Amino acid sequence: MSISRTKIAVLLATSEVDREATVKGWVRTKRESKNVAFIALNDGSTIKNIQIVADTSTFSESFLRRVNTGACLSVTGKIVASQGKGQSVELIAETIDVLGEANPDEYPLQPKKHSLEFLREIAHLRMRTNTFSAVFRIRHTLSFAVHQFFNEKGFVYLNTPIITGSDAEGAGEMFKVTSFDLKNPPRTEEGEIDYTRDFFGKETNLTVSGQLEAELGAMALSEVYTFGPTFRAENSNTSRHLAEFWMIEPEVAFAEINDNMNLAEEFLKYVINYTLDHCQEDLEFLNNRQEQEEKTRPQNERSAMGLIEKLEFVAKNTFERVTYTEAIDILKNSKPNKKKKFNYLIDEWGADLQSEHERFLVEKHFKKPVILFDYPAKIKAFYMRLNEDGKTVRAMDILFPGIGEIVGGSQREERYDVLKEKMKAFDIPEEEMWWYLETRKFGTAPHSGFGLGFERLVQFVTGMTNIRDVIPFPRAPKNAEF
């Protein structure tokens, strides 16, 4: 009778011994002595390996030569109390089947330290390392927590279009979608590409946001959220940019700016606390990894807090709420500004805040997460509600230690005439957005929402410094491998 596979995480969580078990996974390391081989096996269910003890009287030297780092094994044997440090149990092998061999001369993930840059080049294998298995288990946990939070609050999960005819951000940096033969597209009499003959009969793009469509959902279902892929054709080859990323975007009817801030703060604390509760081993590993990395950096570039300390700092502190105008005054009078230490000096109201300013407010001035609100209208999107002063909008950004802005949101402009004027000012064609305007004609209501780039959240929670290391297969300029 065959024994079904037991996950390594389950075996290591129990102290039950003297029973038979079958484990399957990939070899991390193998070391041999005269009478026995010790094989560290990992199946991805936990950052920890189970030690397989293979007696050389049972397994021949020629057979054990096939058991190399990277090989996939199925091992059946007896669970016993471990004699070594670091694990409570180990498995005395009775049978070992090599499900897939790995040639040691070719397998690139040998038991040594590899740079993150190198691992990006082998993204098809990097999930087998401790660092990346931890990152992607945490990514999964955060994703689950996102859905659980909104489900518990009665939100409806709305799938918004990936292909769109509108540019939600007004940025214009979008990937075009077409069925044309690019060598010979049909053209108008004026020589322009004739998109009326394309698949959708008009110009279409990959979406940069599901927000506008989510607003339509909120005007019928009251509380909705999207969580899906978004795309931006911005030619930015930096550690902060991806061309394909995931966005979480709730939209809530009858909610004003303060309700929006309350929801966003509650949401961030919930998903971070959920991860602290459910990913302890992975977070401890990444915390230790970050501590080692910090030692190699100059003193002035080191983080003030450890990874777990930083997560608890966010989860336990009430976020400070500050108007943009108050923040500008604080920054103008700050030491770094007066001593010209900022790369971007603050000298007037209306400046677009940079990451260095946001981090100063969080890490140095308030020493807690900050929500900035009531921004100048000219530096924010067309759909944000204009305040009574006529120069600010009900926008809000949440700032975190280490990264600056993590959430951007606003109360939306629900007044038809005001929205129409703003679209005109932002040069957004009415005929493209007629459906968005119509919701302001037919039963309009105050409503609010925010956007959170999921990879920014995963980056914050894992402590990874490059955003390409928190998505399995990053898409960036000149990089669409795998």
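Analyst: Two strands count as paired if DSSP finds at least two bridges between them. Keep in mind that this is a predicted model. With that rule, β7, β9 and β8 form an open sheet of three strands, in the order β7-β9-β8 and with antiparallel pairing.

User: What makes β7 and β8 the edges of that sheet?

Analyst: β7 (163-164) and β8 (176-177) each have a single partner strand, so one side of each is left without a neighbour in the sheet.

User: How do you know that β8 and β9 are paired?

Analyst: The cut-off is at least two bridges, and two bridges join β8 to β9, in the antiparallel sense. So the pair qualifies under the rule of at least two bridges. As an example of a bridge, Val 177 has Thr 204 in β9 as its partner.

User: Why is Asn 205 called buried?

Analyst: Its relative accessible area is 12%, and buried means under 20%, so Asn 205 gets the label. Asn 205 sits in strand β9 (residues 204-206). Leaving out residues up to four places away in sequence, Asn 205 touches Ile 162, Ile 163, Thr 164, Met 174, Phe 175, Lys 176 and Val 177.

User: What makes β10 largely enclosed?

Analyst: Seven of the nine residues of β10 are buried, so the strand is largely enclosed by the rest of the structure. Thr 226 lies in β10 (residues 223-231), and its relative accessibility is 3%. Buried means under 20%, so Thr 226 counts as buried. Not counting residues up to four places away in sequence, Thr 226 touches Tyr 157, Leu 158, Thr 160, Gly 210, Ala 214, Met 247, Ile 248 and Glu 249.

User: Which strands does β10 pair with, and in what sense?

Analyst: Strand β6 (residues 156-157) pairs with β10 in the parallel sense over two bridges, with Val 156 opposite Val 224. Strand β11 (residues 244-253) pairs with β10 in the antiparallel sense over nine bridges. There, Gly 228 has Met 247 in β11 as its bridge partner.

User: What do the buried residues of helix α5 pack against?

Analyst: They pack against β7, β10, β11, α13 (434-438) and β16 (447-453). In α5 (residues 211-221), the buried residues include Gln 211, Leu 212, Ala 214 and Ala 218. After α5 comes Ser 222, with a positive phi near 75°.

User: Why is α9 called roughly perpendicular to α11?

Analyst: Helix α9 (residues 324-332) and helix α11 (residues 355-366) pack at an angle of about 80°, with their axes 11 Å apart. Angles of 65 to 115 degrees count as roughly perpendicular, so that is the label for α9 and α11. Where they meet, Ala 327, Ile 330 and Leu 331 in α9 contact His 357, Phe 360, Leu 361, His 365 and Phe 366 in α11.

User: And β3, what makes that strand largely enclosed?

Analyst: Five of the six residues of β3 (residues 50-55) are buried, so the strand is largely enclosed by the rest of the structure. Strand β2 (residues 36-42) pairs with β3 in the antiparallel sense over six bridges, and Ile 39 has Ile 52 as its bridge partner. Strand β5 (residues 89-100) runs parallel to β3, joined by two bridges; Val 53 stands opposite Ile 92 there.

User: How many disulfides are there?

Analyst: Zero, from a search of the whole structure. A disulfide needs a pair of cysteine sulfur atoms within 2.5 Å.

User: Why do Cys 72 and Cys 279 count as buried?

Analyst: The limit is under 20% relative accessible area. Cys 72 is at 16%, so Cys 72 is buried, and Cys 279 is at 4%, so Cys 279 is buried too.

User: Which residues have the most contacts inside the largest nonpolar core?

Analyst: Phe 267, Leu 268, Ile 272, Met 396, Ile 398, Phe 400 and Ile 406, in a core of 66 residues. A second, separate core has 31 residues, including Val 322, Val 362, Tyr 383 and Met 433. Beyond its neighbours within four places in sequence, Phe 400 contacts Leu 268, Ile 272, Val 314, Phe 319, Val 362, Pro 369, Ile 406 and Phe 460.

Definitions and conventions. Residues are numbered from 1 along each chain as its sequence is written. This is a predicted model: local features need pLDDT of at least 70, side-chain atom pairs count only at pLDDT 80 or more; totals for chains, interfaces and linings use all residues. Side-chain values use heavy atoms; hydrogens and water are left out. Buried means under 20% relative accessible area, exposed over 50%, partly exposed in between (1.4 Å probe, protein chains only). Helices (H or I, at least four residues) and strands (E, at least two) are DSSP runs, numbered from the N terminus. A nonpolar core is a set of buried Ala, Val, Leu, Ile, Met, Phe, Trp, Tyr and Cys residues joined through side-chain atoms within 4.5 Å. Contact means heavy atoms within 4.5 Å. Axes are lines fitted to C-alpha atoms, for helices over the stretch in contact, and angles run from 0 to 180 degrees between N-to-C directions. Angles under 35 degrees count as roughly parallel, over 145 as roughly antiparallel, 65 to 115 as roughly perpendicular and the rest as oblique.
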